[in-house]
Amino acid sequence: MNPYKVFIVGHEGTTGLRIHERLSGRKDITLLSISDEDRKNIDVIASIAKDADIVFLCLPDAASKEVVAAIGDYPCKIIDTSTAFRTADDWAYGFPELGESYKNDIKTKQHIANPGCHASGMIACIAPLVKAGIAPVDYPFTITSLTGYSGGGKKMIGQYESEQDYFLYAPRQYGLSQQHKHLPEVTHVCGLTEAPIFMPIVDDYYSGMEVSVGLHTRLLAKPVTVEDVHAALVDFYKDSTIVKVAPLNLEEDNKQLLNANKLSNTDGMVISVTGNNDRMVVHAIFDNLGKGASGAAVQCMNIALGLPEETGLSL
């Protein structure tokens with residue numbers, strides 16, 4: 001069988017580079033290239049895409065929309081990593097763990113929207129609880145998310161790794177307007193009627209993410225214990241090869257220090273539950289460049305091509 005032809009548009013950015021790293025050593029993939037002088041030439045991009053099986057778009061929203069329009073009805077599948085299409089009903093949403101219909105959409109639809117990094121953690125924690133009837137759709141979620149500075153792209157990476165700025169050595173909260181670009185997809189995908197209060201924080205380490213979703217049990221749709229919430233998550237992800245739920249041992253779990261970079265340089269995600277029967281927290285730990293970006297995109301590509309979804313990923 002001939003190798004699949006893959007074209008990464010925007011391969012010089014952080015997400016594109018990481019996708020390239022995951023695919024460059026694979027015997028079943030041939031990477032199509034574009035010259036530096038043509039990398040923003042829409043006509044040349046479209047002509048290369050015409051011969052591809054998979055096209056990854058690692059571009060800003062406006063540029064992604066322009067390229068999608070230029071590619072038009074060419075038979076290639078498009079996996080877009082921007083925020084441009086994540087709430088579009090005619091696009092597959094690239095989080096197959098949400099259910100068979102999501103995985104089937106990734107297999108069959110031409111267009112696939114790759115989830116955002118923070119959104120991946122929020123949705124992984126919230127969606128199972130909404131689907132199980134534990135969290136009502138109007139629950140007033142308050143969420144924190146700690147990320148490494150690589151999530152800010154080349155400019156932020158350069159800032160952290162070259163500047164001697166005193167204020168870079170402490171966590172920095174951002175998105176203070178409560179208009180973070182990942183909130184629309186979280187609200188849409190989880191079927192929420194109220195957007196969460198979201199507090200993203202960037203810190204002085206390269207990669208890794210920890211998303212924490214707090215729950216007051218008195219506000220949930222039905223009485224539950226920590227064990228009930230944990231059991232619902234275990235059941236939801238029981239068939240997943242990428243997302244795992246950590247065993248529940250509150251006596252030990254409540255004493256631990258959670259490391260946001262624990263799964264750095266991997267493509268998996270681990271969900272855990274801490275707290276008590278009055279107030280509990282669901283945590284998602286993963287790599288913002290892995291399951292939060294490039295790893296998720298490659299997972300979607302594998303599914304779209306009919307391959308085992310973990311092919312070429314580090315778990």
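Which residues does L219 touch, not counting residues up to four places away in sequence? Keep that in mind as we tour this predicted model; the last view comes back to it.

**View 1. The whole chain at a glance.** Let's start with the overall fold: the protein chain has ten helices and 13 strands. A compact globule of 315 residues would have a radius of gyration near 20 Å, and the protein chain agrees with its 20 Å. The C-alpha trace spans about 60 × 50 × 35 Å along its principal axes. Of the 315 residues, 50% count as buried. The protein chain exposes about 14,300 Å², with 51% of it supplied by carbon and sulfur atoms. Among contacts with a separation of 6 or more, 72% come from residues 24 or more positions apart.

**View 2. Strand β1 and its two parallel partners.** Here we look at β1 (residues 4–9), which is largely enclosed by the rest of the structure because five of its six residues are buried. Strand β2 (residues 29–32) runs parallel to β1, and four bridges join them. Within that pairing, Y4 has I29 of β2 as its bridge partner. To get from β1 to β2 the chain passes through helix α1 (residues 14–24), making a right-handed β-α-β crossover. Strand β3 (residues 54–57) also pairs with β1 in the parallel sense, over four bridges. There, V55 of β3 is the bridge partner of F7.

**View 3. The open seven-stranded sheet.** Reading across this sheet, the strand order is β8-β9-β7-β10-β13-β12-β11, and the pairing is mixed. β8 (172–173) and β11 stand at the edges with a single partner strand each, so one side of each has no neighbour in the sheet. The partner of β8 is pictured here too: strand β9 (residues 197–203) pairs with β8 in the antiparallel sense over two bridges.

**View 4. The largest nonpolar core.** This core holds 45 residues, and I123, F141, V229, L233, I271 and V282 touch the most other members. Elements giving two or more residues to it include α5 (117–131), α8 (226–236), β12 (269–275) and β13 (279–286). The most comes from α5, which gives ten residues. Zoom in on F141 and, leaving aside neighbours within four places in sequence, you will find contacts with I126, A135, L192, P196, I197, V213, G214 and L215. A second, separate core of 22 residues has I106, I112, V298 and L305 among its members.

**View 5. Back to L219.** L219 sits in the loop between β10 and α8. Is this residue buried or partly exposed? With a relative accessible area of 34%, L219 is partly exposed, since only values under 20% count as buried. As for the opening question, L219 touches P136, Y139 and P140, with residues up to four places away in sequence not counted. For scale, the C-alpha atoms of L219 and M269 are separated by 27 Å, and the two residues are 50 residues apart along the chain.

Conventions
Residues numbered from 1 in each chain as written. Predicted model: local features only at pLDDT ≥ 70, side-chain atom pairs only at ≥ 80, totals over all residues. Heavy atoms only, no water. Buried < 20%, exposed > 50% of the residue type's maximum accessible area, 1.4 Å probe, protein only. Pairing = 2+ DSSP bridges. Right-handed = clockwise from strand over helix to strand, strands pointing away. Core = buried A, V, L, I, M, F, W, Y, C linked by side-chain atoms within 4.5 Å. Contact = heavy atoms within 4.5 Å. Rg over C-alpha atoms; globule rule 2.2 N^0.38 Å. Areas by Shrake-Rupley, 256 points an atom, 1.4 Å probe, with all protein chains shown as cover.
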